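Subject: Structure for you to look at

Dear colleague,

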Amino acid sequence: MLQLDDTQKAIIETVREFVIKEVIPVADEMEHRDEFPDVIVEQMKELGLFGLTVPEDYGGIGESLTTYALAVVELARGWMSLSGVLNTHFMGCYLINKFGTEEQRSKFLPKMATGEWRAALAMSEPEAGSDVQAIRTKAVVDGDDYVVNGSKMWLTNGLRSSLVMTLVKTNLEADPPHKGISMLIVEKEGGVAQPAPGLDVGKNIEKMGYKGVETTEMTFSDFRIPRSSLLGTEEGQGFRQVLDGIEVGRVNVAARAVGVSTRAFEEAIRYSQERKAFGKPISGHQAVQIHLAEMATTLEAAKLMLYSAAAKKSSGERSDLDAAMAKLFASEACHEICTKALRVHGGYGYSKEFTIERLYRDAPFLLIGEGTSEIQKTVIARRLLEKHKI
Ligand SMILES: Cc1cc2nc3c(=O)[nH]c(=O)nc-3n(C[C@H](O)[C@H](O)[C@H](O)COP(=O)(O)OP(=O)(O)OC[C@H]3O[C@@H](n4cnc5c(N)ncnc54)[C@H](O)[C@@H]3O)c2cc1C
């Protein structure tokens, strides 16, 4: 089981109390209005959550991926979209810290640690999601600049971010194509919607769930940025960098899934003792008990897989297999748990008055983001065949 030190315990306890006091009372209504949680995000800044994993030398708290994952569980228990505001930022911090130059680390990380600058991640495109190597956005060298052209899709935090970790092709002829992929740190000062000539951020895309946090397109038309915006010093490293970043992203999705599932279970077990049918609380009916037992057991398994994947990635060990398995299992479990919790609520579960209606709409995104379940299975199988090669 998970061994936490005193600092980790204190951080998680603080986040848990914050969520109970500030998030749970307002989350349903804000979600129904698709409202960005400005006040809550300011409070998250004050708690230091945007710098949780940023090294202390750059003004952060310097905590591990495990601590981050546990904080995400608590936030997602309150409202999954809060972990959305945090996560592309966290991935940006991770990528800059791990692959950036010292100049890039000292320029970006201190402002990112406070949340003054927040990051988005632009990997997907209208014609390329699972197949990352098929991206078409290109960056061509012109003097001291890159000239960027192309379109990105599904940018979480596309509007309010100040920098966008953007995957581009710097060599269109590279074979295999991933060797021509690089990552650029695109700055858009102030995080405004129309930040610079040649850079256009689209409107918030209306979604089924995962509301409040914005999701946008982003178009580059002869957009110029200095060559020093390349993450690291060498072109052609972007695919490797993003795959590394996605592993921590997958642990984050597993953590969100555990948070949402925890809340769904809590809502269901409480409701089952309040609602009466056939002369007794529905929790007295064996069919409902079976739902509760299955939900709790699956949730426990998801937690253990999350802890194990987070610990392995934190230790620096290769963890593509563990991260993919944890993401796959926890997200599918969350979908199943939310469906069961909805069943336990009967007709009321279909009403916006009950939190389960929101959780039920949030859960499917976890089957898609940071790689679909189908893609996780291809990653898992590939790695297993590599490990057990005869
Ligand atoms: C709300 C939201 C927020 C997002 N935020 C971001 C973000 O911040 N940054 C970002 O870069 N992206 C983001 N994404 C994009 C997300 O990562 C992609 O949607 C996801 O990777 C799937 O890509 P796709 O939608 O193009 O689906 P496709 O790749 O077109 O897949 C469609 C279907 O085909 C299946 N499929 C495809 N290839 C295979 C294969 N080889 N084997 C088996 N099945 C396959 C998929 O599993 C899926 O079922 C976000 C998406 C959403 C919905």
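Helix 6 and helix 7 (residues 286–314) cross at roughly 155°, with axes that come within 9 Å, and because an angle over 145 degrees counts as roughly antiparallel, these two helices are roughly antiparallel to each other. The crossing of helix 6 and helix 7 is left-handed, and the residues in the contact divide into 19 nonpolar, three polar and three charged. Please bear in mind throughout that this is a predicted model.

Helix 6 (residues 238–274) also packs against helix 3 (residues 65–78), here at an angle of about 35° and with the axes 7 Å apart. In this case the crossing is right-handed. Sorted by class, the contact of helix 3 with helix 6 holds 11 nonpolar, three polar and four charged residues.

A further pair of helices is made up of helix 8 (residues 320–345) and helix 9 (residues 355–362), whose axes come within 9 Å and cross at roughly 155°. Helix 8 and helix 9 are therefore roughly antiparallel to each other, and their crossing is left-handed. On the side of helix 8 the contact is formed by Cys338, Ala341, Leu342 and His345, which meet Ile356, Leu359 and Tyr360 of helix 9. Six of the residues in this contact are nonpolar and one is polar, while none is charged.

Turning to the strands, you will see that strand 7 (residues 215–226) pairs with strand 3 (residues 145–156) in the antiparallel sense, over nine bridges. One place to look for this pairing is tyrosine 146, which stands opposite isoleucine 225 in strand 7. Strand 7 also runs antiparallel to strand 6 (residues 199–201), to which three bridges join it, and here aspartate 200 stands opposite threonine 219 of strand 7.

Two places in the loops deserve a careful look at the backbone. As a general rule, most residues other than glycine have a negative phi, and most peptide bonds are trans. Asparagine 157, however, has a positive phi, near 65°, and this residue is found in the loop between strand 3 and strand 4. The peptide bond from aspartate 175 to proline 176 is cis, with omega near 0°, and proline 176 lies in the loop between strand 4 (163–169) and strand 5 (181–187).

Finally, there is the ligand: which residues come nearest to it? Of the 21 residues around the ligand, those that come nearest are Met123, Gly129, Ser130, Thr372 and Glu374. Strand 1 (119–122), strand 3 and helix 10 (373–387) are the elements that each give two or more residues to this shell. By class, the shell around the ligand is made up of nine nonpolar, 10 polar and two charged residues.

How values were computed. Residues are numbered from 1 along each chain as its sequence is written. This is a predicted model: local features need pLDDT of at least 70, side-chain atom pairs count only at pLDDT 80 or more; totals for chains, interfaces and linings use all residues. Two strands pair if DSSP finds at least two bridges between them. Helices (H or I, at least four residues) and strands (E, at least two) are DSSP runs, numbered from the N terminus. Axes are lines fitted to C-alpha atoms, for helices over the stretch in contact, and angles run from 0 to 180 degrees between N-to-C directions. Angles under 35 degrees count as roughly parallel, over 145 as roughly antiparallel, 65 to 115 as roughly perpendicular and the rest as oblique. A crossing is left-handed if the near helix is turned anticlockwise from the far one by less than a right angle, and right-handed if clockwise. Two residues are in contact if their C-beta atoms, placed from the backbone, lie within 7 Å. Ala, Val, Leu, Ile, Met, Phe, Trp, Tyr, Cys and Pro count as nonpolar, Asp, Glu, Lys and Arg as charged, and the others, Gly among them, as polar. A residue is near a molecule or strand if its C-beta atom, placed from the backbone, lies within 6 Å of it.
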